[in-house]
Amino acid sequence: MTHRAALLEATCLFFAGVGLLLAALGHTVLLEPWRAAVGAELFGPGGVPAELDPFVRMTNAVLGGSIVGKWVAAWFLVRHGLRAGRRWAFQALLVGHIGWFLLDSGLSLTVGAVSNVLLINLVPGVVFLGLLLWARPTAWTPPAPADTGLAWRWLVWACGVSVAIGLLVIVGVRWPVFAPYNAALESLFGASEALVTWQVFAYGLIGAAFTAHFVMLWWAAAVERGAPWVARAVIVSLLAWFVVDSAGSIAQGAWFNVLMINVPSLLAVGLPAWLATR
């Protein structure tokens with residue numbers, strides 16, 4: 001079990017590194033095959049319009065940050081949950097991973113971006129699932145006694161709301177509820193049909209990663225209340241997402257994304273997690 005869990009942990013860190021690579025170098029030749037293939041499917045032979053480049057760089061950073069946060073959270077569940085023989089940790093990892101794959105791939109197929117499934121999703125989808133099933137413990141141990149303090153209840157609630165927000169982003173990023181955000185986005189990058197097309201695609205992927213991230217954290221906080229490692233998992237994965245996402249947003253001048261999304265999310269989830277450590 002030990003060497004299998006170690007391999008699974010290394011896989012989580014590897015895919016977190018892939019997210020960091022996307023955020024930092026997604027605009028370079030390194031990921032050009034993915035961008036060219038998806039661009040042709042979304043916009044035709046000409047690919048992604050040149051005027052969208054700053055927006056694409058921003059969405060790469062936001063998506064990369066979401067990927068980093070998700071895989072850091074998964075690492076914590078493997079390291080402290082699965083290794084300890086917690087059945088709930090295996091279930092949370094399984095549901096979070098399959099949920100991400102179905103949401104991300106479903107959105108990609110809906111908008112016609114088949115290449116995103118073939119070039120991106122299949123590798124982590126198959127590799128992590130296979131290793132997770134391989135590392136499944138043969139004996140289970142019960143979770144630690146629950147702490148029902150206010151900070152933990154707030155943390156469970158905040159993670160649950162974050163899951164709902166992730167799902168809402170996937171299906172309704174252009175709905176009126178996001179009107180102030182979209183107005184700020186279009187003020188910076190310009191309003192166009194092409195921008196909406198890329199936004200629906202990219203934010204669907206972001207929402208899928210965000211949803212999976214907080215499904216795992218919600219599960220951990222709900223079942224293993226009072227465990228110090230759970231609060232650390234929330235704080236570290238949240239900060240990993242926040243730093244990468246915010247740095248990429250600021251680099252493109254998208255302060256609105258930091259102020260309207262990142263800071264409120266950091267406070268809503270990070271504050272109860274910090275209080276839970278005390």
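Helices are runs of at least four residues assigned by DSSP, and they are numbered from the N terminus; Val114, for example, lies in helix α5. The structure described here is a predicted model.

**Aromatic pairs**

- Phe55 and Tyr203 form a stacked aromatic pair, with 6.4 Å from centre to centre and 25 degrees between the planes.
- Phe55 belongs to helix α3 (residues 53-82) and Tyr203 to helix α8 (residues 193-223), so this pair ties together parts that are 148 residues apart in sequence.
- Phe55 is buried, and Tyr203 is buried as well.
- The ring centres of Phe210 and Trp241 are 6.1 Å apart and their planes stand at 65 degrees, so this pair is edge-to-face.
- Because Phe210 lies in helix α8 and Trp241 in helix α9 (residues 228-251), the pair ties together parts that are 31 residues apart in sequence.
- Phe210 is buried, with a relative accessible area of 12%, and Trp241 is buried too, with a relative accessible area of 2%.
- Ring pairs also link Phe55, Tyr181, Phe189, Tyr203 and Phe256 into a cluster.

**Charges over rings**

- The charged end of Lys70 sits over the ring of Trp100, at 4.6 Å from the centre of that ring.
- Arg136 lies over the face of Phe90, and here the distance to the ring centre is 5.3 Å.

**Salt bridges**

- Glu9 and Arg79 meet through their side chains in a salt bridge, at 3.1 Å from N to O.
- Glu9 lies in helix α1 (residues 2-25) and Arg79 in helix α3, so this pair ties together parts that are 70 residues apart in sequence.
- Glu9 counts as buried at 6% relative accessibility, whereas Arg79 counts as partly exposed at 37%.
- Glu9 and Arg79 are also linked with Arg83 in a network of salt bridges.
- Arg35 and Asp53 meet in another salt bridge, at 3.2 Å from N to O, and this pair links distant parts of the chain, with Arg35 in helix α2 (residues 32-43) and Asp53 in helix α3, 18 residues apart.
- Arg35 counts as buried, at 13% relative accessibility.
- The side chain of Asp53 also meets that of Arg57 in a salt bridge, at 3.1 Å from N to O; both residues lie in helix α3, four residues apart, which is about one turn of the helix.
- Arg57 is partly exposed, with a relative accessible area of 32%.

**A nonpolar patch on the surface**

- Leu109, Val114, Leu118, Leu119, Ile120, Leu122 and Val126 form a nonpolar patch on the surface, and together they have about 600 Å² of accessible area.
- Helix α5 (residues 114-134) gives the most to this patch, with six residues.
- Val114, one of the patch residues, is partly exposed, with a relative accessible area of 36%.

Key:
Residues numbered from 1 in each chain as written. Predicted model: local features only at pLDDT ≥ 70, side-chain atom pairs only at ≥ 80, totals over all residues. Heavy atoms only, no water. Phe/Tyr/Trp six-rings, centres within 6.5 Å; stacked < 30°, edge-to-face > 60°. Helix = DSSP H or I, 4+ residues; strand = E, 2+ residues; numbered from the N terminus. Buried < 20%, exposed > 50% of the residue type's maximum accessible area, 1.4 Å probe, protein only. Lys NZ or Arg CZ within 6 Å of the ring centre and 35° of its normal. Patch = residues over 30% accessible without salt bridge, like charges linked within 9 Å, V, L, I, M, F, W, Y side chains within 5 Å. Areas by Shrake-Rupley, 256 points an atom, 1.4 Å probe, with all protein chains shown as cover. Salt bridge = Lys/Arg side-chain N within 4 Å of Asp/Glu carboxyl O.
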